[in-house]
Amino acid sequence: MDESPRPQPAERPRNAAATRLRLLDAAGELFAERGYERTTVRAIAERAGANQALLFRYFGSKHGLLTEVVARGGLEQLHTTAPEDLFETALRSVLTRSAPGADRSLEVYLRSVGRGDEATATLRELGGEYQKVLAGLAPSADGALRADLAMAWLLGIGLMRTVAAREPLASADPDAVCRLVLATLDRFWTAPDGGPGAAAPTGPEAG
């Protein structure tokens, strides 16, 4: 169980900003490596080289810290990326997770969603925001379904590469993976709606 915070002398503003950033970085790394439930406040503070009391001072709780990690990564990515580039940007963030400064929000999502009631609402919000943006790329009535399928593919790739470490995907070149996935996805967004109102096939293929 996380230790209760103890009163600490106030930090100078410059040091406080640096400590806050270290805590965010440490939390993002540990949530991505272990998942939300298995990450303790003590571990975050130790990796950041900070006192646990400062984590509670700046973020209120471990859940508050998770919310900021997600906002800093996934939600910031949503707000700064053109809708048509979002899937590729998110895919590359999963494929290049070890690169300095890489966004690891989707790894946090993969390892944490559904495993802790405290984390689930925040992570579902992240997934829902991605779905809304991606749904707008499909000019058809089933845009939301296509967006969910695209998200399932993206998270499945992340699961196989980062969690299961399944070869050859785990060590595949990110550019090669993106080339194969995006070529298929381009057709996926523009394929005719297969619902009840879809036009029946004509010509030799109809028989």
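**Core packing and a helix crossing**

Setting aside neighbours within four places in sequence, Leu 23 touches Ile 44, Ala 45, Ala 48, Ala 50, Leu 54, Leu 55, Tyr 58, Phe 59 and Leu 65 (contact: heavy atoms within 4.5 Å). The model is a predicted one, with local features needing pLDDT of at least 70 and side-chain atom pairs counting only at pLDDT 80 or more, while totals for chains, interfaces and linings use all residues. Numbering runs from 1 along each chain as its sequence is written, and side-chain values use heavy atoms, with hydrogens and water left out.

Leu 23 also turns up in the largest nonpolar core, a set of 54 residues, where it joins Phe 31, Ile 44, Leu 65, Phe 87 and Leu 91 as those with the most contacts inside. Such a core is made of buried (under 20% relative accessible area, 1.4 Å probe, protein chains only) Ala, Val, Leu, Ile, Met, Phe, Trp, Tyr and Cys residues joined through side-chain atoms within 4.5 Å. H1 gives the most to this core, eight residues; helices here are DSSP runs of H or I, at least four residues, numbered from the N terminus.

Elsewhere, the axes of H6 (105–112) and H8 (143–163) come within 10 Å and cross at roughly 85 degrees, the axes being lines fitted to C-alpha atoms over the stretch in contact, with angles running from 0 to 180 degrees between N-to-C directions. The pair is therefore roughly perpendicular (65 to 115 degrees). On the H6 side sit Leu 106, Glu 107, Tyr 109, Leu 110 and Arg 111, meeting Leu 154, Leu 155, Gly 158, Leu 159, Thr 162 and Val 163 of H8.

Definitions and conventions: Buried < 20%, exposed > 50% of the residue type's maximum accessible area, 1.4 Å probe, protein only. Helix = DSSP H or I, 4+ residues; strand = E, 2+ residues; numbered from the N terminus. Parallel < 35°, antiparallel > 145°, perpendicular 65-115°, else oblique.
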